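Colleague: I would like to learn how to read a few features of this model. Where do we start?

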Amino acid sequence: MATPADKLWRNARLATMTGDGLGIVERGAVAATGGTITYAGPDSDAPDAAEIVDCEGRWITPGLIDCHTHLVHAGNRAKEFEARLDGATYEEIARAGGGILSTVTATRAASEADLVAAALPRLDQLISEGVTSVEIKSGYGLTLDDELKMLRAARRLGEVRNVRVRTTLLAAHAVPPEYKGDADGYVDLVCEQIIPAAVGHADAVDAFCEGIGFTPEQTDRVLTAAVAHGLPVKLHAEQLSNLHGAALAARHRALSADHLEHLDQAGIAAMAASGTVATLLPGAFYFTREERRPPVQALRDAGVPIALATDCNPGTSPMASILLAANMGATFFRLTVAECLRGITVNGARALGLQQQTGTLEPGKAADLAIWNVTDLAELVYRIGANPLHTRVFASI
């Protein structure tokens, strides 16, 4: 007889996300002991447990994962939103001193406590929709002290809420005002001082490889420095143009390449070979009124895992709803329901290097569960502005 568990959720329908699909188990159950799943399968084979929860036929999925956010920042950019409505482009606003740099000014002026307080409502919104793991980037400090301040604030969020936080150093987000005209000098600072100091504070390193960000050569220096210090890498790539950032990221065995509207076949092949996840960000696509979609069918054909995320940030995706991101992934990018749900669970975990810890319902994984008041899993993608979460369970290994 199986060893009794601490807790058993039974009389449920499971979407385990194992295998290549949704991993559905009708009349299923999940058992956990010490915060770790010990059983996920047919209810009839479930172990005994000290505590039993009758799910009354509800669906259980893994806890949701938002694998690309900029939750920690000060201020907002509502005025820039208004300017875009009047015809200004994102690039024009950025080159005029707005965009990322306007948030940099506000974030530098904020204390660590201020940043935590400002981010908590955004984090709470994600948690309310069943998110149990979230990535949080720096990138609005652009000095050694301010980047570390942002990373500490992000880590603090994971201490004051029951959520798994993965921090990403994004010091190569923009060239700060004090380095105007000397992007190479700023990259020197990032590689020689900020990255070494971020070890122990950051779980990964990211960069913005774009005409208004950093060149492929500069980006390569940042990723090389990160890997040399034992930090995995991610990359903002091919959002506004094709600088072949995705292929560059793949050469460094990046966890993910993100945005990808201008991704080409060579980049797709490189990502497929390296196992790099394609993280699509439909909130930014929507908010900036982009028209070029990521090459979803080519990604499918190549077998590249696709994740979805909110890209929650003050300038181009002020959205803290992972369920809306899933809906947008379906409506804008024509992802299937299964692709959307895998994109915010198992593939989101892969994009953060967490696939051994969470993202599926199977023994040995963290008991991160989302229990839903829906009759059909498609409702999680179909509904707009609705939150059918019944119960969120978070139990970090």
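Modeller: With the naming. Helices and strands are DSSP runs, numbered from the N terminus. The model is predicted.

Colleague: Is Gly275 buried, partly exposed or exposed?

Modeller: Buried means under 20% relative accessible area, exposed over 50%, and partly exposed is in between. Gly275 has a relative accessible area of 45%, so Gly275 is partly exposed. For a sense of distance, take Asp43, 232 residues away along the chain. The C-alpha atoms of Gly275 and Asp43 are separated by 35 Å.

Colleague: How many bridges join β12 and β13?

Modeller: Three bridges, in the parallel sense, with β12 covering residues 277-280. Ala278 stands opposite Ile306 in β13.

Colleague: Now a helix pair. How do α4 and α5 lie relative to each other?

Modeller: Start with the angle. Helix α4 (residues 112-128) packs against helix α5 (residues 144-160) at about 50°, and the axes are 9 Å apart. Angles under 35 degrees count as roughly parallel and 65 to 115 as roughly perpendicular. α4 and α5 are therefore oblique to each other. The crossing of α4 past α5 is right-handed.

Colleague: Which residues make the contact?

Modeller: α4 gives Glu112, Leu115, Val116, Ala119, Leu120 and Leu123. α5 gives Lys149, Met150, Arg152, Ala153, Arg156, Leu157 and Val160. By class, the contact of α4 with α5 has nine nonpolar, four charged and no polar residues.

Colleague: Last, backbone angles. Which phi does Glu238 have?

Modeller: A positive one, about 55°, although Glu238 is not a glycine. Glu238 lies in the loop between β10 and α8 (245-251). Its relative accessibility is 1%, so Glu238 counts as buried.

Colleague: And Arg289: what is its phi, and is Arg289 buried or exposed?

Modeller: Arg289 also is not a glycine, and its phi is positive, about 55°. Arg289 is in the loop between α10 (282-287) and α11 (296-302). Its relative accessible area is 52%, so Arg289 is exposed.

Definitions and conventions: Residues are numbered from 1 along each chain as its sequence is written. This is a predicted model: local features need pLDDT of at least 70, side-chain atom pairs count only at pLDDT 80 or more; totals for chains, interfaces and linings use all residues. Side-chain values use heavy atoms; hydrogens and water are left out. Two strands pair if DSSP finds at least two bridges between them. Helices (H or I, at least four residues) and strands (E, at least two) are DSSP runs, numbered from the N terminus. Axes are lines fitted to C-alpha atoms, for helices over the stretch in contact, and angles run from 0 to 180 degrees between N-to-C directions. Angles under 35 degrees count as roughly parallel, over 145 as roughly antiparallel, 65 to 115 as roughly perpendicular and the rest as oblique. A crossing is left-handed if the near helix is turned anticlockwise from the far one by less than a right angle, and right-handed if clockwise. Contact means heavy atoms within 4.5 Å. Ala, Val, Leu, Ile, Met, Phe, Trp, Tyr, Cys and Pro count as nonpolar, Asp, Glu, Lys and Arg as charged, and the others, Gly among them, as polar. Buried means under 20% relative accessible area, exposed over 50%, partly exposed in between (1.4 Å probe, protein chains only).
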